[in-house]
Amino acid sequence: MIPLFYVLVVSTLLFALGVYGALLSTNAIRILMSIEMILNAVNLNLVGFGRYITPSDPRGQIFAIFVMTVAAAEAAVGLAIILVIARRYGAAAIDRVRMLKG
Amino acid sequence: MNLQLLAFMILSLVTLGAAFKVITARFITHAALYLALSFVGVAGLFLLLNADFLAAVQLLVYVGAITTMLIFAVMLSQVEEIRQGAAEEGFWRRILSARFGVIPLAVAAALAGVILYLYRFANWKAVPVAPDPNTTRSIGQAMFTTYLIPFEVASLVLLVAMIGAIVLTMKKEDRSR
C-alpha cells in the first residue's frame, strides 16, 4: 500500500505548481487553469486523508465532490468574465486591465 | 504491492509533468490539453486511493466538461491574443527575469517547503485500513441523507453559475431586445 506521505507530497507539489503558474503567467485563461490545478491538489489531499484516516466513512470524497461542483461553477463564470474583458479591451492580459468599471 | 507503488510513481510523474507543461506551453490550447492529461493522472491516483466513483466524476467533469469548455472558449474567441497565449513573451525569457520569474518561484517553493515540513513531523493517527468498501453506495447514501442540504445548495450554485455565464457573455444587441 502507498504511504500517506507520498500522496501528500504529490498533492503539495501539484498545489505549488498551481500557485507558481497563477503568479507567473499574465494570460487570464492560464491563471484559470492554474487555479483548477490547485483545486485538484486539494481534492487529492481530501481523498488521501479520507482513505487513510477515516477509511469507513466517505466524508472526504463527498467534500471532494462539492469542491468539484464549485470548481465547475468557478470555471464557467471566470471564463465568461475573461471573454467579456477580452471583447472589451481586446486582450486577456490581466496587467492591461486597470478599471473595474466598463 | 510493489506494482501499486510503481503505478503511483508513474501516475504522479504524468500528473506533475503535465501540470508543469500547462505553465510552460507556448499555445494556450496546448496548455488546455496538458491540463486534461494532468486531470487524467489525478483520476488514476483517485483509483489507486480506492475512490472509484470520484475517479469517474473527475474524468466526466474535469476532462469532459471543464477542459472542453476551456478549449471551446479559446478557439471560438475572436481575440488573437487569447488564442496564442504566449504571444506575450517567451516563457523562458520571462522566468529568468528577476522580478517576474524569481518572486513566484520563491513564493511557491516556500509554500511547498512549509507544507512538506509540517507533514513530515505531523503525527497522523493511523487507522487499520478496512477492506474496500463499496464507495458509490456509501457516497450516495450519505449524499441524500446527511448531506442533503449541501447537495441542494450545490445544485443551486451550479444553476446560478450557468445563468450568470450566459448573461455575462450575451452580446449587446441581444440585450436591447
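**Close-up views of a predicted model**

**View 1. Helix α2 (residues 28-48) of chain B and the residue that follows the helix.** Helix α2 of chain B holds 21 residues and should, at 1.5 Å a residue, span 30 Å, which agrees with the 30 Å between its end C-alpha atoms; the expected span is 1.5 Å times one less than the number of residues. Helices (H or I, at least four residues) and strands (E, at least two) are DSSP runs numbered from the N terminus. Just after α2(B), B:Asn50 adopts a positive phi of about 70 degrees. This is a predicted model, in which local features need pLDDT of at least 70, side-chain atom pairs count only at pLDDT 80 or more, and totals for chains, interfaces and linings use all residues. Residues are numbered from 1 along each chain as its sequence is written, chains are lettered from A and ligands numbered from 1 in the order in which they are written, and side-chain values use heavy atoms, with hydrogens and water left out.

**View 2. B:Ile163 in helix α8 (residues 148-169) of chain B.** With a relative accessibility of 46%, B:Ile163 counts as partly exposed, a class lying between buried (under 20% relative accessible area) and exposed (over 50%), with a 1.4 Å probe and protein chains only.

**View 3. Chain A, with three helices and zero strands.** From the N terminus on, the elements of chain A run α-α-α, and 61% of its 102 residues count as buried. Among contacts (heavy atoms within 4.5 Å) in chain A with a separation of 6 or more, 67% come from residues 24 or more positions apart.
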